[in-house]
Amino acid sequence: MAETHTRGVRRRAHSAMRLLTGAILLGAASLEAQAPVVRPPTVAAPWTDIAQRSPILGESRTLRVVLPPDYATSGRRYPALLLLDADDEPQFRAAISSVGFLASRDAIPPMIIVGLRNGANRTRDLTPDSLHPAFLGERGGGGNRFLDYVEKEVLPTIRARYRTAPFTVFAGHSLGGLIGVHAAGTRPQLAHAIIAMSPSLWVNNEAGTPRFVRDIAGRPTPLHLYTTRGRYEPGIDSSVARFEEQLSAAIASRRDGSIRYGHARYGVDSHGLTPITSLQDGLRYVFADYSRAVTGFDSLPEPSTIDSVSLLRAARETDALHIRARRAFPATLIGGDTAAPDAPSIGEYLNTVPFFMLLKQYGAALEYFGHARSVYPNSPQLRQVLGDVLVARGDTAQAIREYDSALALAASPTHLALRRMVLARLRPLRAATPDGRRAAPASARSKRAADGR
Amino acid sequence: MTAPLTAMRRAVHWAACAALSLTASALSAQAPTAGGAVPDRWSVHQVESKALGDTRRLFVRTPAGYETVSRRYPVLVINDAQDTIRFRMAIANADFLADRGMIPPMVIVGIVTGASRTRDLTPASPGNPLDSGRVTAFLDFVATEALPAVRQRYRTTPYTVYFGHSLAGLAGLWAAATRPSLFNAVVASSPSLWWDGYRFQSVLADSIAARAGALRLFTSRGGIEADVDSSTGVFEARLESLRRAGGTRVRFSHRRYPDDFHALTPLSSFVDGLRAVFDGYATAGSEFQRINPSAWDETSPMLEALARSEAKWARSAREYPAAVTGEASRDSLPPEEVYLAGASFSASRNPSAALAIARRAAQMHPASAAVLRVLGERAFASGDTTEATAAFRRALTLARSAADTTAIRRSARTLLP
């Protein structure tokens, strides 16, 4: 068994990292009052820590930011997920990896995760009302100030520093769930969706529940709210059950359907275990109308029985799903591909390529991607796909024309990789075609198309 | 039949993941060594496989603190580790469950299948357009090449858990049926029991039920993966009925996720599956969490929770001895943590219960500096400075490090000179 890396490399990388972190830490002390201290992701921690003095809270607080994998190259905006208790590293890591998994399956959009580390007094920050009796020696009641901090300091900091889209999800566990339920009713601009995981609604003998229910039912802005409870956390189980019942009744009388409420109960979970499943289920609930986890392709029959008709039907069902999903969650709300009206985005068209190619349905592919080309005449990627299909069909002359168009349209530096790929495909074609160069006028044609003529 | 198409959708995902996977391998070369914390990176190893006739990659990820201790760890095999997003999800969720005491920390071994996946993971299926038929060679590779290489290089116990999804779930069931000594537990997420015209959905249940070695088994299926749902349902029903008739030693549980499609089931299946196959392992903490807040003022529910924790510990240590989990303390009394969890839970909720729990802890662990320090703290909080001083003095004599001593002196405040 050979290890592909050497210890030497490991150690060098590590000490370089330590030097880097050290330099940043040295800067920390002198700069803390003026500017946030930023510690970029290390190998050990996949997040960036932003330490900043909070005038509202009167203490230094740290945000842990995790960017989506394609953040550096995409140029797009992303929804933000604000997640409390980021100090609990196993829990925070499980959250990060779950979000990554669900986003990779298109069940939720990729998101910027903003973990909020706790300050000196978690109970104070996360309780909307003072506590009677005191909980863990704390009287609490600093929740409104904490939400001011989130609204006026955390979100502006994140929005200034990263490419965020407006849509924001707020998620907290236990007392963090309690403050989430309070925020749902009192902060209509804070977040579009709130996931309250095992919220501590039992505090003060559930005195807050009627007010939470009334405030949420009267909220002026749309909301997705999701609450959870576990069977082995009796105080939460019973108090959240009552909240579920009352809130469901209260929002049923609202006709506009703008408050959406979902909830779950976990039959084998104690308090420490609910955060993991609650966040996954809550995000899936919030983004149910976004999800492309199941598309038209998933209901296709066995590969040997798929014909062009059934494949095109699946592709068009998938197109319709994309169009519906984009109406529910437009790019203006969550970032991502913009698309022509009533059409999938270019990226969504491109995702279907393997189905056509693996099934060798080249005729159907020409029809489908030909239509896509008419929707997006300036997309070099679609030209390249058409070129690939034509090569597979043996139509070299047409393929060369499509590849030439791709090159003509791929003029910007961002298309370097695409250009390289297309050139590599063109080379053997030209070599094999004595008059391959005669295809050149096609690029002039496609330029006209690109100019919209 | 959706599943072959699913394989195609996976291909789409894999194409997208290829770049990521390269990044992951590159990063693993810089896995940090400080404090032994290796969060979600892994080492990449190459194994020349005679069984498969080619070279395979393994990803090995050791638990936090691995370098600083000499103990051994059970092995968790995760198939299809080339899907690094899923592999990373598995690592983080295993860490979370271990942190909550639901499963032991494990050495995680990711097996990369890749290009020959359908062939590696399936029995022969003549007439199927997909490559097939090499599952026996693949399991030979796992049993005689991959795992021995890992065991030689890493400190492992013989206890081995397998996780596989889809075709890799089928391969897991195949292993459970044909190799009674390879895996102690198998989690088969949405297994491809539709394979070869549903030929194995009942047969595999029969052979698994009849196998010689003990086994813990978990299967799952999603409500929107038609053929997996139905065929795994048949398997479940068959194995359940054999179990009820007393015809098997296999400990079997299963879940169906009504809203889940094939690509999503691994997430819930991994967490639920590990919890299911480690059923009875968890001890510390959870018993205290189950106390209703309205009963926090009373001491007896706290002491009952402590008694239940002790009993749970005894059962857990019997079922998961040190030879399985590698945790040496499992062969002795309930460890300090069982008591310290209770004492810390009740500390602010019910000081007198906390003191009672700390006294019990000191009785069970009279030589533990940590326990005596906590007893000192609880006695001090209850106003008994005599008991507190005695406990802190004793703690100091037991302290094994400067850090212990500092912590004791800090807790003792003015009680110690």
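Analyst: Contact here means heavy atoms within 4.5 Å. The model is a predicted one. By that cut-off, A:Pro90, A:Gln91, A:Arg93, A:Ala94, A:Ser97, A:Ser98, A:Gly100, A:Phe101 and A:Ser104 in α3(A) meet a set of residues in α2(B), among them B:Ile85, B:Met89, B:Ala92, B:Phe96 and B:Asp99.

User: What classes of residue make up the contact of α3(A) with α2(B)?

Analyst: The contact of α3(A) with α2(B) has seven nonpolar, six polar and five charged residues. Gly counts as polar in this scheme, and A:Gly100 is one of the residues of α3(A) in the contact.

User: What makes α16(A) and α18(A) roughly parallel?

Analyst: Helix α16 (residues 380-393) and helix α18 (residues 416-432), both of chain A, pack at an angle of about 25°, and their axes are 11 Å apart. The limit for roughly parallel is under 35 degrees, so α16(A) and α18(A) are roughly parallel to each other. Their crossing is left-handed.

User: Which residues bring α16(A) and α18(A) together, and of what class are they?

Analyst: From α16(A) come A:Pro380, A:Gln381, A:Gln384, A:Asp388 and A:Val391, which meet A:Leu418, A:Met421, A:Val422, A:Arg425 and A:Leu429 of α18(A). By class, the contact of α16(A) with α18(A) has six nonpolar, two polar and two charged residues.

User: Why does α13(B) count as roughly parallel to α15(B)?

Analyst: α13 (residues 336-347) of chain B packs against α15 (residues 369-381) of chain B at an angle of about 20°, with the axes 11 Å apart. An angle under 35 degrees counts as roughly parallel, so α13(B) is roughly parallel to α15(B). The crossing of α13(B) and α15(B) is left-handed. The contact is made by B:Glu336, B:Leu340, B:Ala343 and B:Ala347 of α13(B) and by B:Ala370, B:Val371, B:Val374 and B:Arg378 of α15(B). By class, the contact of α13(B) with α15(B) has six nonpolar, no polar and two charged residues.

User: What makes β2 and β12 of chain A edge strands?

Analyst: The sheet in chain A is open and has nine strands, in the order β2-β3-β4-β6-β5-β9-β10-β11-β12, with mixed pairing. β2 (37-39) and β12 (259-270) each have a single partner strand, so one side of each is left without a neighbour in the sheet. Neighbouring strands of this sheet are turned by 20° against each other on average, direction ignored.

User: How do you know that β9 and β10 of chain A pair?

Analyst: Pairing requires at least two bridges. Strand β9 (residues 164-173) and strand β10 (residues 193-197) of chain A share five bridges, in the parallel sense. In one of the pairings, A:Ala193 in β10(A) is the bridge partner of A:Val169.

User: Which helices lie across strands of chain A?

Analyst: Among them is α5 (residues 143-161), which lies across β2, β3, β4, β5, β6 and β9 of chain A and runs at about 140° to β9(A). Helix α9 (residues 234-252) lies across β11 and β12 of chain A, at about 150° to β11(A).

User: What confidence does the predictor give the complex, and where does the pLDDT of chain A stay under 50?

Analyst: The complex has an ipTM of 0.83 and a pTM of 0.84. Chain A averages a pLDDT of 87, and 87% of its residues score at least 70. In chain A, pLDDT stays under 50 over residues 1-34 and over residues 438-453. Chain B averages 86, with 89% of the residues at 70 or above. In chain B, pLDDT stays under 50 over residues 1-7, and over residues 10-38 it is below 50.

Definitions and conventions:
Residues numbered from 1 in each chain as written. Chains lettered and ligands numbered in written order. Predicted model: local features only at pLDDT ≥ 70, side-chain atom pairs only at ≥ 80, totals over all residues. Heavy atoms only, no water. Helix = DSSP H or I, 4+ residues; strand = E, 2+ residues; numbered from the N terminus. Axes fitted to C-alpha atoms, helices over the stretch in contact; angles between N-to-C directions. pLDDT = per-residue confidence, 0-100. Parallel < 35°, antiparallel > 145°, perpendicular 65-115°, else oblique. Left-handed = near helix turned anticlockwise from the far one by under 90°.
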